[in-house]
Amino acid sequence: MANLWWQNMLCYQIYPRSFNDTNSDGVGDINGIIEKLDYLSWLGINAIWLSPVYQSPNDDYGYDIKNYYDVNEEYGRLADLERLIEKAKEKNIKIIMDLVMNHTSDEHPWFIESKNPESPYRDYYIYQEGKNGRYPNNWTGFFSGTVWEKTDNGDYYLHLFSKKQPDLNFKNPKVIEEFKNIMAFWLEKGIAGFRCDVCNVFYKQSLENGKRSLVLTGLEHYHQTNKNHEILQELKQSFIGQYDLFMVGETVLVNTKEATDLIKPEKKELDLVFGFEHMETDQFNNKWFKKKFNPTKFFKVLTKWQEQVYWNANYFENHDQPRSVTRYGNLKYHYYSSTALSTLLLSLKGTPFIFQGQEIGMTNYDFKTMADFKDLESKRIYDIGRKLFIPKKYLFKMIKKTSRDNARTPMQWDDGFGFSTHKPWLNENPNKNTINVKDQMTAENSILKFYKEMIAYRKDNKVLLEGEFKMIKQRKGLYIFERELGQKKQTVIINLTKHVKILKINTSSIRMNNYDSVLKDKVMPYQAIILGGSL
Ligand code: ISL
Ligand code: CA
């Protein structure tokens, strides 16, 4: 069967705050995105996922929303966003908005109202009395520590994320109605769909104590509940016949079976989900410990998802993750390892997502002190680590490696003031001197040029777009798979190590290659090759 539009999509994620500043306040803005539409179109992408641009006090930089119907002043006005949607449409670029439904900001009028026990909004949130002078239960949240915050009345409200992100009560049907209205408002403006933030933890089945666990005690009471499935189905299905609504869910802690459950086409629930398993192959997800990147494990996880989930959302980066070339590549082989990752990302079966800056191989930032971090998660981990007497030096080192701010340093347009003429809200990476869009556009060979070429290759290649995935072999960081459609075949060879690998290669049908040439019996360090036939 031919692909649906979102299966042929190549989506570029923009973190607006760090993308392009046009009014010199150090903060990216919507006009800045409009200004770069030509660039995005040149690159060959056909959809943009916008991280939240709604009104927000920025405790979690937009993931704490105080008004879902308007744009945060620092990013522009609603009219600017409407212009972005229109201009993008002229270039055949769809806009996908981020939608945060699990929680609002504590500055949202609903929450402010809800503090009054008599208010009709009381039931929009989850309030509980303490138990014997202690928290209502033992749950711990995504940013560590208890999920309960005491109110002036002496009771508590629940927040799985920061205390400025109170969780909504999805047992209240009015909350679901509110989101239908919000979705309708944006669909009406011409957007194509939503990336739904943490959308498998909305429904809190019970508020009983959870099984003690190193991370997320209480998870079993709200993770992936049946009601949660029903809520997502209700949201999606309420637009049938009206809009061709696309929904990709950020679904925390899902395995391949749960992912499959969420995207069964006949259920009309989600179209795609973002899994996390491959992002956890270089670190324990609780962030307290560090593990070395193990390509064998990485490829194993990718293979499992390719084989068990019928259509994947493929990504190696987003605004919550350190830079992929630093994690999975090798800075000594910056060009080769970035382009090898690019080849892999764009040749797997599924819909690829590229995060801003990935196309030029942006790297992690060399943070010097805790004061360099802006992300609340990094700060909180530090505070809690200190309370547990984890040595400062060790704690800092670990946060530096894993901090979400690694992804959020400003986009490196050139070696000067390309992002902003003002001091940026978050430090720029000084390696913008050598890693930037301007240089890579003029260079004969660059990561950017390779991305563009790979994107173009994929776009016209039915085998890569529609073909089945078939694992051929993987050997200590050398990964080989085929994509197959009818009689046609593409073989993808990725060496994600600094070692030369021995392999017999049929060099007569080379389609893509990140080196000058392909040897018939060796794969070079971080070499990536696509053949138009078998090995
Ligand atoms: O970022 C993480 C680890 O570093 C995750 O635990 C993350 O908090 C989780 O994937 C949920 O992320 C989403 O919701 C958060 C927001 O802070 C993230 O930016 C967003 O992607 C709360 O809205
Ligand atoms: Ca600005």
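Which protein donors does the calcium ion (ligand 2) have? Here are some notes to read alongside the structure, which is a predicted model.

1. Let's start with that question. The calcium ion (ligand 2) has Asp-21 (OD), Asn-23 (OD1), Asp-25 (OD), Val-27 (O) and Asp-29 (OD) as its protein donors, at 2.2 to 2.4 Å. Along the chain, these donors follow the spacing D-x1-N-x1-D-x1-V-x1-D.

2. Asn-23 counts as partly exposed because its relative accessibility is 46%. Asp-29 has a relative accessibility of 4%, so Asp-29 counts as buried.

3. Next, find helix α5 (residues 173-188) and helix α6 (residues 226-237), which pack at an angle of about 35° with their axes 10 Å apart. The crossing of α5 past α6 is right-handed. On the α5 side you will find Ile-176, Glu-177, Phe-179, Lys-180 and Met-183, and these meet Ile-231, Glu-234 and Leu-235 of α6. Sorted by class, this contact has five nonpolar and three charged residues, with no polar ones.

4. Then turn to the interior. In soluble globular proteins, nonpolar side chains tend to be buried together. Here the largest nonpolar core has 144 residues. Those with the most contacts inside this core are Tyr-12, Leu-50, Leu-81, Phe-170, Phe-179, Phe-194 and Leu-344. Another core, of 11 residues, lies apart from it and includes Met-370, Ile-381, Phe-396 and Met-398.

5. Leaving aside residues up to four places away in sequence, Phe-194 touches Ile-96, Met-97, Leu-99, Met-183, Trp-186, Leu-187, Leu-245, Phe-246, Met-247 and Val-248. Met-183 is also one of the α5 residues in the contact with α6.

How values were computed
Residues numbered from 1 in each chain as written. Chains lettered and ligands numbered in written order. Predicted model: local features only at pLDDT ≥ 70, side-chain atom pairs only at ≥ 80, totals over all residues. Heavy atoms only, no water. Axes fitted to C-alpha atoms, helices over the stretch in contact; angles between N-to-C directions. Helix = DSSP H or I, 4+ residues; strand = E, 2+ residues; numbered from the N terminus. Left-handed = near helix turned anticlockwise from the far one by under 90°. Contact = heavy atoms within 4.5 Å. Nonpolar A, V, L, I, M, F, W, Y, C, P; charged D, E, K, R; others polar. Donors = N, O, S within 2.8 Å, 3.2 Å for Na, K, Ca; no water. Buried < 20%, exposed > 50% of the residue type's maximum accessible area, 1.4 Å probe, protein only. Core = buried A, V, L, I, M, F, W, Y, C linked by side-chain atoms within 4.5 Å.
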